[in-house]
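Thanks, everyone; I would like to take a few minutes to walk through one structure, beginning with a helix and ending with a charged pair.

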Amino acid sequence: MVRSVKTSGKINRLFLFLFLLAVGMIMIYPFWWMVSVSFDRTANISIPFPPRLFPETFDLFNYKLVFENGALMTAYGNSLVIAFFSVLLSVVSALLGGYAFSRGQFKGKKLLFFAVLATMMIPFEARLIPMFTMFNELGLINTKYPLIFPAVINALGIVLVKQYFDNLPEGLRESAKIDGAGEFKIFFHIFAPLTGPITATLAILSFQDSWNSFLWPLVVINDQHLKTVPLFLSSFSSENGGRLFGVTMATAGMSILPILLVFLFFQKYIIRSIALSGLKGE
């Protein structure tokens, strides 16, 4: 009887493994195909159909064409600068806001927090025209500033940080207050050093949001030298306006590389932040 139960358990785990493996392969296949096409020179003439797992002839022609005039590297530089400052502003504002809502005592705290939550329900399209009008009045259109400053308002980050701080012992703050520490000293010396996991999570989410942003940069950026990677990818075509599929796939592969590297480097912190926050379903 015991052996039968063990055998049944092994069979179930085997089927579960095979199922997850099949799902994983289905999800990975589009990325694999993208990489395969990027190394296929003939894909610029006609896209391979049916899709192949490997190119007919391995060739770096598409990547050489992408890097030929330096436009991609300029776009990379623009996106990295914008993403860096966006992440910095987003993380700092979220940590300060989350701490204030978690440990602060002030009038209208709950109402203000509900207002922050309400901003998450407003679609970006509804805010696009007011934001454009504001930055246009400030004379900042066609600069990098409209792509950086909106990161100061990070409602999701504030909510995540508040959940994180709510699960830290209140005794840490009370002990510091007994020793005569003020709120800023308590935050920077006691709580901030404990925010590694949630900070890494916010950094990844903010970086991904900034790097993949397309609609807002498309509206506020007209200068070719200020294009971000998504804008560069959308405009990469041949002289007659036809899409060069091989080159496009090479550009797309290069565009997702930074996000992939950042995620792989910080993924353990995401797991820790979920485990330590109130998001684990308890």
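Let me start with helix α5, residues 124-137, whose 14 residues reach 20 Å from the first C-alpha to the last, close to the 20 Å expected at 1.5 Å a residue, where the expected span is 1.5 Å times one less than the number of residues. Helices here (H or I, at least four residues) are DSSP runs, numbered from the N terminus. Please keep in mind that this is a predicted model, in which local features need pLDDT of at least 70 and side-chain atom pairs count only at pLDDT 80 or more, while totals for chains, interfaces and linings use all residues. Residues are numbered from 1 along each chain as its sequence is written, and side-chain values use heavy atoms, with hydrogens and water left out.

The buried residues of α5 are Leu128, Met131 and Phe135, buried meaning under 20% relative accessible area, exposed over 50% and partly exposed in between, with a 1.4 Å probe and protein chains only. These residues pack against α6 (145-148) and α11 (215-220), contact meaning heavy atoms within 4.5 Å. Just after α5, Gly139 takes a positive phi of about 75 degrees.

Now to the charged pair: Asp166 forms a salt bridge with Lys162, with the closest N and O atoms 2.9 Å apart, under the rule that a side-chain nitrogen of Lys or Arg lies within 4 Å of a carboxyl oxygen of Asp or Glu. The count by this rule is one salt bridge. Both residues lie in helix α7 (residues 155-166), four residues apart, about one turn of the helix. Asp166 is partly exposed at 38% relative accessible area, whereas Lys162 counts as buried at 18%.

Finally, Ser102, in helix α3 (residues 71-103), touches Lys109, Lys162, Phe165 and Asp166, leaving aside residues up to four places away in sequence.

Key: Helices (H or I, at least four residues) and strands (E, at least two) are DSSP runs, numbered from the N terminus.
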